[in-house]
Amino acid sequence: MVGMATSKLFIMLICMAPINTCSSAAASTASMATRPPSPKFPAIFVFGDSTVDTGNNNYVKTLFKANLPPYGENFPDHIPTGRFSDGKLVPDFLASFLGIKDDVPPFLKPNLSENELRTGVTFASAGSGYDYLTTRLSNAIPVSKQVEMFKSYINKLKGIVGKDKGNNIIGEALVIISAGTNDFVFNFYDIPTRRLEFDIVGYQHFLLQKLEDFLKELYELGCRKMIVAGLPPIGCLPIQMTAKFQIPTNRKCLEDQNSDAESYNKKLAKLLPELQAKLPGSKLAYADVYEPLFDMINYPQQYGFVEIKRGCCGTGIIEALFLCNAMTPICRNPSEFLFWDCIHPSQQAYIYLANYIIEEVVPLFDK
């Protein structure tokens, strides 16, 4: 699997000149130039956690915010928008690569224009998960409540374009779902609340049932084209290595947590086609983010990374959220770091992930 991911991603690297992360537009243009025509989606809808939250938490009473420097260091005009990275996130790049728009705004942003609403928004909330217990710590918007936000959005959309066109936009839109990591980190590993009632297999099935219920709700609301991201190699997140008190000079990925993520992903990849068969007219595609990220960790030089075990912000082993702030020193070149803070990938890593999804996942909607 790793070798397969290596070859696919290495081909992309050959096609792409080194990307300056200070210019997202240039990155998008360079990537689009080498790509075959993609299916046309009228809009993009996004659900999940901090990997796809472009700023909803700015409007939520939570400590899980990224609306302060140095977040946004490489975003246009260096604006800290609420994205948990130095620049744009995967949904932004997907929207750009697919010709939908330059970036995806948060639904809770006041005064969204009619065009922004027509072409899609994100309902994601940093600190969220499929398990309702996850947001008790973060006070984020759980995935289950993001459906309620989507219902409100649907009413607004149909008020702008009418019922029939609104239904068409929803049915033809690309839906992105990325969550699950917080569930395992908050409830099973670092604060093992769920271990009192589940072993790891039981908790995986619990979350997958929550996800299945969520997908069915989106289907009932008219969504048909959905991409569901699997888990990353959780044991390679800098914060997880820190939680195991690993010394900075000898940090290694936690094999047990990575193994748990892999087994969850296999179950998810099996679930989606089974569920698709029960939902007429649907297309549910699995996005494997584990292998591309693990490939970057194993072969960093092929991606231009010089640091993979700590983030760019501060020491890179504990700084995230409010600990990564205007007083925190950052690395000289974030594009050489796989991680921006101790939890979240850098914009450069997100560019590679977005390319991987465009090359390997989006074409499935042509079939």
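Which residues in α3 are buried? They are Val-90, Pro-91, Asp-92, Phe-93, Leu-94, Ala-95, Ser-96 and Phe-97. Buried means under 20% relative accessible area, exposed over 50% and partly exposed in between, with a 1.4 Å probe and protein chains only. This is a predicted model: local features need pLDDT of at least 70, side-chain atom pairs count only at pLDDT 80 or more, and totals for chains, interfaces and linings use all residues. Residues are numbered from 1 along each chain as its sequence is written, and side-chain values use heavy atoms, with hydrogens and water left out.

**Confidence**
- The mean pLDDT of the protein chain is 89, on a scale of predictor confidence in each residue from 0 to 100.
- A pLDDT of 70 or more is reached by 88% of the residues.
- Residues 1–34 stay under 50.
- For that stretch the model has 54 contacts beyond four places in sequence, a contact being heavy atoms within 4.5 Å.
- Where pLDDT is low, the predicted coordinates should not be read in detail.

**Overall fold**
- The protein chain has 13 helices and six strands.
- These are DSSP runs, numbered from the N terminus: helices are H or I of at least four residues, strands E of at least two.
- Of the 367 residues, 59% count as buried.
- Among contacts between residues at least 6 apart in sequence, 71% join residues at least 24 apart.
- The accessible surface comes to about 15,100 Å², with 56% belonging to carbon and sulfur atoms; the method is Shrake-Rupley with a 1.4 Å probe, and for residues only the protein chains shown count as cover.

**Nonpolar core**
- A nonpolar core is a set of buried Ala, Val, Leu, Ile, Met, Phe, Trp, Tyr and Cys residues joined through side-chain atoms within 4.5 Å.
- The largest one has 109 residues, and Phe-45, Phe-150, Tyr-153, Ile-177, Leu-211 and Ile-227 have the most contacts inside it.
- Helix α9 (residues 200–220) gives the most to this core, with nine residues.
- Beyond four places in sequence, the contacts of Phe-150 include Phe-45, Phe-47, Phe-123 and Ile-170.

**Aromatic rings**
- The structure holds 27 aromatic pairs.
- Rings of Phe, Tyr and Trp (its six-membered ring) pair if their centres lie within 6.5 Å; planes under 30 degrees apart are stacked, over 60 edge-to-face, and the rest tilted.
- Phe-198 and Phe-206 form a tilted pair, 5.1 Å centre to centre with 40° between the planes.
- Phe-206 is buried, at a relative accessible area of 19%.
- Ring pairs link Phe-45, Phe-47, Phe-107, Phe-123, Phe-150, Tyr-153 and Phe-214 into a cluster.

**Helix α3 and the loop after it**
- Helix α3 covers residues 90–97, and eight of its eight residues are buried.
- Gly-99 follows α3 and has a positive phi, near 75°.
- Val-104 is in the loop between α3 and α4 and is buried, at 0% relative accessible area.
- Val-104 touches, among others, Pro-91, Asp-92 and Ala-95.

**Helices α7 and α11**
- In α7 (residues 163–172), the buried residues are Gly-166, Ile-169, Ile-170 and Gly-171.
- Their cover includes β1 (44–48), α4 (114–119), α6 (143–161) and β3 (225–229).
- Tyr-264 is in α11 (residues 255–278) and is buried, at 1% relative accessibility.
- Tyr-264 and Leu-231 are 33 residues apart in sequence but 7.6 Å apart in space, C-alpha to C-alpha.
- Tyr-264 also contacts residues including Tyr-130, Phe-184 and Leu-211.
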